[in-house]
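This briefing is meant for someone meeting the structure for the first time.

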Amino acid sequence: MRPYTRANGYRLLSGYFAAAVGAETLALERAHVFGCPAKGAGSFELLDNDAVAIDRDRQIVALSDLEQTPGLGRNHDPAQVIDFPSHACIHDTSQVDVGGRHPLSAGRVLPLEGSVVDGLAEVSNTLSGTTLPMMTSLWVDTHCHLQLSSLPVEELLERAVDVEWMVVPGIDVESTASAMILAGQHPERLLFTAGLHPHDASKWPEQRDGLAPFFEEATAIGEIGLDFYRNLSPREAQIEAFRDQIRIGLELEKPLVVHVRDAFRDSFEIIDELGAGSQTVLHCWTGGPKWTKRFMELGVIFSFAGPIAFETGDTVRRAAAVVPPGRAMVETDTPYLSPPPFRGEDNEPARVALVGRALARVWDIDVDEVARLTSETAAGVFRS
Ligand SMILES: [Zn+2]
């Protein structure tokens, strides 16, 4: 592998390819790519300093997932040099566009599979005196219903270059079965959970036996909970299904993935009464600071989703401000709740970084640190 040369901007660490998040945008008019292990590019070098432009109005990152770049395939000749046809620059804060035709997710480093670049790799550009923070941690999307997305799962996984692993929650027997199959197909990246969603709680009597074997196999019990906003099942039925599934989780000593909407008091009382707080994950947390503090005393973990990045997300942000790092995780809730600038579109795990960035702003710490902390917490919850 050829090492990077002519460093003065930012650098790439061994084992990682491409990209840093910073305060500038780098437009690459020409970049040469060297090496392409099994997935992703091994390294790349920016050529011709004069061709590199900086757009201060945008956030930078560089390239990722060069597999999608014309001429770069899975098994392409490592010595091959690729000229990008026009330029690659970062649009908005999360997409890279190569020649306007190949939107790529970016903003993060991409771990190499296959060969590893030796030593420190560095990229040259004209950002003299500018230091771009380097991302070294990957995200965990702790809640994404990949089986409910209209896009092929393979594609979603491939696009989520900066997401190390994900949790795929079931919402009933059928979707739990699909989640388990997916986790079986991608054991290195996917975990699944089994449960009956509060929307369908009235089906608990028929669903419980069907879910039983999945409860045994699953990483966690969920998505369970209470939704008194939509009330798609009667409240009594929701409460019964919730309590029963919490008990199952307690018996199996598994985490509980809990949905709470407009039902903070009832959820709190049930979790408290059953002593389930330390096993509880409050997914897509939208409670305000008051409920956040109360739930925190029960020992729960909060998982933040798109709403923390919404313009209307002040309550969630104020809540996140009282949650210590170490008690928080991030998720997309794919295919729902796409964060800006993708609101209204189907969500996908590749956008979990946008949630993490919103959290980084609330906590006023580096986004890389948020990735590290939330991923560490997720590992403690789901993989310990
Ligand atoms: Zn969900």
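In this predicted model, strand E16 (residues 256-261) and strand E17 run parallel and are joined by four bridges, and within this pair His 259 stands opposite His 283 of E17.

**Strand E17 and what follows it**

- Strand E17 (residues 280-283) is covered on both faces, with Thr 280 and Leu 282 buried on one side and Val 281 and His 283 buried on the other; in a regular strand, side chains alternate between the two faces of the sheet.
- E17 also pairs with strand E18 (residues 301-304), in the parallel sense and over two bridges, and here Val 281 is the residue that stands opposite Ile 301 in E18.
- A right-handed β-α-β unit is made by E17, helix H6 (residues 289-298) and E18.
- E18 is in turn joined to E19 by three bridges, the two strands running parallel, and Ser 303 has Met 329 of E19 standing opposite.

**The sheet as a whole**

- These strands belong to an open sheet of eight strands with parallel pairing, whose order is E12-E13-E14-E15-E16-E17-E18-E19.
- The edges are formed by strand E12 (139-141) and strand E19 (328-330), each of which has a single partner strand, so one side of each is left without a neighbour in the sheet.
- From one strand to the next, the twist of this sheet averages 25°.
- Helix H4 (residues 235-252) packs on the sheet, where H4 touches both strand E15 (220-227) and E16, and the direction of H4 makes about 155° with that of E15.

**Two pairs of packed helices**

- Two packed helices are described by the angle between their axes and the distance between the axes.
- For H5 and H6, the axes come within 10 Å and cross at roughly 10°, which makes H5 roughly parallel to H6, as an angle under 35 degrees counts as such.
- Where H5 and H6 meet, Phe 264, Phe 268, Ile 271 and Asp 272 come from H5, while Trp 291, Arg 294, Phe 295 and Leu 298 come from H6; the residues of this contact divide into six nonpolar, no polar and two charged.
- For helix H8 (residues 352-363) and helix H9 (residues 367-382), the axes are 9 Å apart and the packing angle is about 110°, which makes H8 roughly perpendicular to H9.
- In that contact, Gly 356, Arg 357, Leu 359, Ala 360 and Trp 363 of H8 meet Val 367, Val 370, Ala 371 and Thr 374 of H9, and the residues involved divide into six nonpolar, two polar and one charged.

- Ala 201 has its place in the loop between strand E14 (190-194) and helix H3 (204-217), and Ala 201 is buried because 26 other C-beta atoms lie within 10 Å, where 20 or more are needed.
- Leaving aside neighbours within four places in sequence, Ala 201 is in contact with Leu 196, Ser 233, Ala 237, Gln 238 and Ala 241; Ile 171, which is 30 residues away along the chain, has its C-alpha atom separated by 9.9 Å from that of Ala 201.
- Pro 335 lies in the loop between E19 and H8, and with 19 C-beta neighbours inside 10 Å Pro 335 counts as partly exposed.
- Not counting residues up to four places away in sequence, Pro 335 touches His 145, Leu 148, Ser 149, Ser 150, Asp 346 and Asn 347, and the C-alpha atoms of Pro 335 and Leu 146 are 7.2 Å apart in space although the two residues are 189 residues apart in sequence.

**The chain overall**

- The chain contains nine helices and 19 strands, and of its 384 residues 49% count as buried.
- Among the contacts in the chain with a separation of 6 or more, 75% are accounted for by residues 24 or more positions apart.

Note on methods: Residues numbered from 1 in each chain as written. Predicted model: local features only at pLDDT ≥ 70, side-chain atom pairs only at ≥ 80, totals over all residues. Axes fitted to C-alpha atoms, helices over the stretch in contact; angles between N-to-C directions. Parallel < 35°, antiparallel > 145°, perpendicular 65-115°, else oblique. Contact = placed C-beta atoms within 7 Å. Nonpolar A, V, L, I, M, F, W, Y, C, P; charged D, E, K, R; others polar. Buried ≥ 20, exposed ≤ 12 C-beta atoms within 10 Å, placed from the backbone. Pairing = 2+ DSSP bridges. Right-handed = clockwise from strand over helix to strand, strands pointing away.
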